[in-house]
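Welcome! Take a moment to turn the model around on your screen, and then let us walk through it together.

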Amino acid sequence: MIYRSEKKSSEKALFVINFKNYEEIADSHSIKLAQAASKVAKKHKTQIVVCPPQHLISEVAKVAIPVFSQHVDVAKVGSTTGFVVPELLKKSNVQGSLVNHSEHTISPKEIEEIVARLKSLGMTSIVCVRDVDEATKYARLEPDYIAIEPPELIGSGKAVSKERPEVITDSVKAVKRAENSTKLLCGAGIVSGDDVAKALDLGADGILVASGIVKSKNWEESIEEFALAFTKRRKI
Ligand code: G3P
C-alpha cells in the first residue's frame with residue numbers, strides 16, 4: 001500500500017479529488033475524471049487520489065490511480081446489508097477512505113474505531129474536521145491525515161487558504177503537537193493553482209478538493225493547474 005509503506009511516497013504532498021455525488025461524474029464520467037487525473041499524475045509525478053461515489057468505486061479502481069472511499073461504516077464483514085465495509089473495499093483495490101466528512105459525519109467512537117480498523121488493514125485514513133479543536137482531538141488517534149475543512153467554505157469557490165489562512169496554520173500546529181506521523185490536508189473552496197500554492201505555503205501537506213475540479217469545464221486542464229502548483233513547491 002503506497003502511502004504507508006513507501007517512504008518516498010509518504011513524503012510527497014497529497015492531492016485528493018472527492019467526486020461527491022455531483023451529476024457531472026455520473027456513470028462513465030467518473031471513469032473519465034479518474035483517467036484525466038491518472039494522466040496528470042503520471043505526467044507531473046504527482047500523488048493524486050480520487051474518491052468516486054460508492055456505487056462506482058470498483059469500476060474506477062480499475063483505472064491506474066489510487067482510489068479512496070468517501071466513507072466507510074462500522075459494520076462487520078458478512079450480514080450487514082447496505083453498509084460499506086473496509087475489508088471488502090480493500091479487496092476491490094481501494095486503498096483508503098475519508099472519515100467523518102462534514103457531509104457524512106459519524107460519532108467520535110466510530111471515528112476511533114474506523115481509524116484503527118483502516119490502520120490494521122494497511123489502508124490510509126483521512127479524518128475530516130471542521131475546526132482546530134477537532135484537529136487537535138483527532139490527531140491523537142494518529143490517522144494518516146487530518147483534513148481541515150471549514151464547512152461554510154465548502155463549495156463556495158472561496159478558498160480556505162485565502163479566506164481563513166489562520167485555520168490552516170493553527171491546524172498545522174495542532175497536528176504537530178500530537179507528535180506522531182499524522183499530516184495535515186486542507187480543503188474547502190479551492191478552485192485554482194494559486195489557492196493550492198497558498199495552502200502549501202501555509203504548511204499543509206496537501207489538499208482535498210471537489211467542486212473546483214468536478215465542476216470545471218476542462219478536467220485535465222484544471223487538474224494540471226493544481227498539479228503544477230504542487231510541483232512548483234517541490235512537495236510532490
Ligand atoms: O471533500 C472536499 C470538500 O468538501 C471541499 O469541497 O467543493 O469546496 O472543493 P469543495
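An oxygen atom of the ligand lies 3.0 Å from an N or O atom in the side chain of Asn18. That is a polar contact, meaning a pair of N or O atoms within 3.5 Å.

| Residue | Part of the residue | Distance to a ligand oxygen |
|---|---|---|
| Asn18 | side chain, N or O atom | 3.0 Å |
| Lys20 | side chain, N or O atom | 3.0 Å |
| Gly189 | backbone, polar atom | 2.8 Å |

The protein covers 100% of the 310 Å² of accessible area that the ligand has on its own (areas come from the Shrake-Rupley method with a 1.4 Å probe).

Before going on, please note that this is a predicted model, where local features need pLDDT of at least 70 and side-chain atom pairs count only at pLDDT 80 or more, while totals for chains, interfaces and linings use all residues. Residues are numbered from 1 along each chain as its sequence is written, and side-chain values use heavy atoms, with hydrogens and water left out.

Now for the cysteines. A disulfide is a covalent bond between the sulfur atoms of two cysteines. How many disulfides does the structure hold? There are zero, counting sulfur pairs within 2.5 Å. For Cys51, the nearest cysteine sulfur is that of Cys128, 8.7 Å away. Cys51 is buried, with a relative accessible area of 0%, and Cys128 is buried at 2% (buried means under 20% relative accessible area, with a 1.4 Å probe and protein chains only).

Methods: A polar contact is a pair of N or O atoms within 3.5 Å; within protein, one must be able to donate a hydrogen and the other to accept it, and residues adjacent in sequence count only if both atoms are side-chain atoms. Buried means under 20% relative accessible area, exposed over 50%, partly exposed in between (1.4 Å probe, protein chains only).
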